[in-house]
Amino acid sequence: MTQAGTEAAATPAAKLTLLTLTTMVVGSMVGAGVFSLPRRFAQETGVAGALIAWAVAGTGMLMLAFVFQRLAIRRPDLDAGVYAYAKAGFGEYLGFFSAFGYWASACVGNVTYWVLIMSTIGAIAPPLGDGDTVLAVALSSVGLWAFFLLIRRGVKEAAAINRIVTVAKIVPILVFVVLALFYLKPRVFADNFAGADYAGSLFGQVKGTMLATVFVFLGVEGASVYSRHAKRREDVGRATVLGFLSVFAIFASVTIVSYGLMPMGEIAGLRQPSMAGVLESAVGTWGQVFVSVGLIISVLGAYLAWTLMSAEVLFVAAKDEDMPRFLARSTSDDVPVPALLMTTLLTQVVLVVTLFSDDAFNFALDLTSALTLIPFLLAAAFAVKLTRGRFGSDLVVAALATVYTAFLIYAAGLKYLLVSFIIYAPATVLFVMARREQGRAPFSARELVILAASVTGAVLGVIALAIGWISL
């Protein structure tokens, strides 16, 4: 997110142009994920599987981008972002779940930033490990609350950080791709094409990378979240598509060129950020340092952007009376402090949970993606509902986006679905608080069915964790 975009998020009077909205989308999407892609893909698939995975993910996410583009034009009255579509299409309770899930995914995603920072520094400070030691979590917690205090003072002070973040994000990635192409070894690339023995079937390889692709594409809906600040409504959709296409080219390039520098088994064994290790194998130590410094600056900026965006989601939902009223409070500088505090608290809790995870980074990455899938699925299904009875391109796009997000839920697997329910179900307390503030009954008959399903999923998730059916 650019400085202009961040300030506009806090100042309703500001109006965002197409360029600013597009930069916001790119800034939201290019973060920690891209620096981790080589290792994550090499753990799952070879070149062939990666090409198919990017084709599937690119097509599916492009359909989602088109969905957000067309919804922005067809329903300009829904200006609260992703969750507003779920509410309009399927009722207040599912709309609440969509808002909460999107917010929770942003908070969990923020944990990956701190894990990556500590893992990067851990290359020269072993006590930090892979970003999941007690010391690493303690230092991450200090940084977490320092950012809270920074943003609490006012967005203008926080936005100053973003002046250098966009360049710090893009330059190391572009340099990596150019150097990787220059040093590419055709024989190594060919050996990695089918994948290593541990990768399994081609379908399994593609399926295993799906959550990683979801994670790196988060932010494609960023312009939708801030649509109420757009100068022209149609620019929201254009920015979504332009931002997506730009970032898709970057992400796919980083993954594919890495296979030409090292055997995939060696890439899979690198510490995060794996992009640094891959470049070091080609140009030496300076490549690792170059990527690592760029990552730290980039990740801090991405953390700022996503903290602001997640607080905005809670704030807007509370303004629409879908969250308790206390979350709609803001300071004279237009900083939604209660929403910001809730965001920081959940991030802190998940940071502590990573201490009990076998792979802190991949756990946070996959959980972030899984939590996002329900809001995305509901938005795509709403687009299908709007086109009901009218066959045409709008229906095709919406249907493809819905099938794609449903496939992602399947690819996520039972583990992350159950863990998601453990997070979703207790959030219902906020929904009940909002209903009571309005003097309404907590649930309708239909909503009680949804409540029962979510609580059942949460109970099964807790049992599965307790007896070891699933693990973090």
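1. The structure is a predicted model, in which local features need pLDDT of at least 70 and side-chain atom pairs count only at pLDDT 80 or more, while totals for chains, interfaces and linings use all residues. Residues are numbered from 1 along each chain as its sequence is written, and side-chain values use heavy atoms, with hydrogens and water left out.

2. The protein chain has 21 helices and zero strands, where helices (H or I, at least four residues) and strands (E, at least two) are DSSP runs numbered from the N terminus. Of its 472 residues, 59% count as buried, that is, under 20% relative accessible area, with exposed set at over 50% and partly exposed in between (1.4 Å probe, protein chains only). The accessible surface of the chain comes to about 17300 Å², and 68% of this belongs to carbon and sulfur atoms; such areas come from the Shrake-Rupley method with a 1.4 Å probe. Among contacts (heavy atoms within 4.5 Å) with a separation of 6 or more, 82% join residues 24 or more positions apart.

3. Helix α5 (residues 82-90) and helix α6 (residues 92-122) have axes that come within 7 Å and cross at roughly 165 degrees; axes are lines fitted to C-alpha atoms, for helices over the stretch in contact, and angles run from 0 to 180 degrees between N-to-C directions. That makes α5 roughly antiparallel to α6, the term for angles over 145 degrees. By class, the contact of α5 with α6 has seven nonpolar, two polar and two charged residues, where Ala, Val, Leu, Ile, Met, Phe, Trp, Tyr, Cys and Pro count as nonpolar, Asp, Glu, Lys and Arg as charged, and the others, Gly among them, as polar.

4. Helix α6 also packs with helix α18 (residues 360-386), at an angle of about 160 degrees and with the axes 8 Å apart. The two are therefore roughly antiparallel to each other, and their crossing is left-handed. Among the residues that make the contact are Gly101, Val108 and Val115 of α6, together with Phe361, Leu371 and Pro375 of α18. This contact has 15 nonpolar, seven polar and no charged residues.

5. The axes of helix α19 (residues 393-424) and helix α21 (residues 445-467) come within 7 Å and cross at roughly 120 degrees, and the crossing is left-handed. Leu418, Phe421 and Ile422 of α19 take part, and the residues on α21 include Gly457, Gly461 and Leu465.

6. Phe96 lies in helix α6 and is buried, with a relative accessible area of 1%. Leaving aside residues up to four places away in sequence, Phe96 touches Asp322, Met323, Ala427, Thr428, Leu430 and Phe431.

7. Two loop residues deserve a look at the backbone. The peptide bond from Gln272 to Pro273 is cis, with omega near 5 degrees, and Pro273 is found in the loop between α14 (264-268) and α15 (274-283). Glu321, in the loop between α16 (285-319) and α17 (337-353), has phi near 65 degrees, a positive value in a residue other than glycine. At 45% relative accessibility, Glu321 counts as partly exposed.

How values were computed:
Angles under 35 degrees count as roughly parallel, over 145 as roughly antiparallel, 65 to 115 as roughly perpendicular and the rest as oblique. A crossing is left-handed if the near helix is turned anticlockwise from the far one by less than a right angle, and right-handed if clockwise.
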